[in-house]
Amino acid sequence: MQADMKFNQCVQQQALENSDNKVWKWHIQDPASQRLTWNKPPKSVLVVKKIQDASLLQPFKELCVFLTEQKNLIVYVESKVLADTAIAGDESFGAVIQKFCTFREDLDDISNRVDFIICLGGDGTLLYASSLFQESVPPVMAFHLGSLGFLTPFKFDTYQSQVTQIIEGNTAIILRSRLRVRVVKKGIIMTNGDSEGCRKSMQYQVLNEVVVDRGPSSYLSNVDLFLDGHLITTVQGDGVIVSTPTGSTAYAVAAGASMIHPNVPAIMITPICPHSLSFRPIVVPAGVELKIMLSRDARNTAWVSFDGRKRQEICHGDSITITTSCFPVPSICFRDPVNDWFESLSQCLHWNVRKKQNYLSSEEEEF
């Protein structure tokens, strides 16, 4: 990848010398100072489009024509996008399709071929684009063509000038942390009539949240939660959400969690309908390792999903290990990380929207 993501840690330590000893001074880095520049002009782009959405066909075609014919970029598109009859059957678009490079999810590795990503859709489209890259993620430009659009700050009306600005570089960027999740499942194999234990391990990169719930069972979910190897609590309720700051405005906020700016290095733990009046959501440092397992006396299994996908059952002896990933998602900002976030809070979630209180005149104050 040719992008040079220039950023600094939010908190830096500076040592100042004086006559007696060293004095440590904490310097808070401005999140808006994070910029994206290119070492050399980008040559390839991945276009991610929401599948089977007729309203996106025309924007998709316009964008691809612009990228291939005016910007001379190599365009990567997923094979199942081109399987749409409305695209494959468009003869006027056939010449552009011939220039595409195609790939298949979970089968083809494009991590070292793409310079940046353009998403057409809603927040789910960005989550899907993140899942395609299990290590380093190219910078992502997301257009708001879906329903909510909390993570998609760009409007498609002026896409040509906006894409051109991204290609030229020097734009604001925010590094959205992801969770590295490892699921270990205990299995049994039969050898010559004898049973032997075996373990199957799977790993995921998660942008929003890991959700552990009770699934179809009518019983309470009963799972143990460990932090750095120490049991901190047992979750008894409908389940638990482990989310990134980006995911704090998704399922977590609906379950009563606080909203955390994506620049804050943290992991959120939010219970889902806990059977306890004192179980409040908590925030832990980004560097810790969490482990979730079924309690020994749990009456039923649990189910886990990752950004709403790859849902699977968790049985006794299985474990889910979660920590902050070393591979964040570089999300390109419309303005800057702070203003974009508050704009999304206001426009998408209507944060602190209330009818204004009327002014009280001096005469009215006397009564």
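Author: Helices (H or I, at least four residues) and strands (E, at least two) are DSSP runs, numbered from the N terminus. This is a predicted model, where local features need pLDDT of at least 70, side-chain atom pairs count only at pLDDT 80 or more, and totals for chains, interfaces and linings use all residues. Residues are numbered from 1 along each chain as its sequence is written, and side-chain values use heavy atoms, with hydrogens and water left out.

Reader: Where does Asn 352 lie?

Author: Asn 352 sits in the loop between α8 (337-348) and α9 (362-365).

Reader: Why is Asn 352 called exposed?

Author: Exposed means over 50% relative accessible area, buried under 20%, and partly exposed in between (1.4 Å probe, protein chains only). Asn 352 has 68%, so Asn 352 is exposed.

Reader: What is the phi of Asn 352?

Author: Phi is positive, about 55 degrees, although Asn 352 is not a glycine. Most residues other than glycine have a negative phi.

Reader: Why is Asp 228 called partly exposed?

Author: Its relative accessible area is 43%, so Asp 228 falls in the partly exposed class. Asp 228 lies in the loop between β14 (221-227) and β15 (230-237). Its phi is also positive, near 50 degrees.

Reader: What makes Arg 182 partly exposed?

Author: Arg 182 has 38% relative accessibility, so Arg 182 counts as partly exposed. Arg 182 is found in strand β11. Strand β11 covers residues 179-191.
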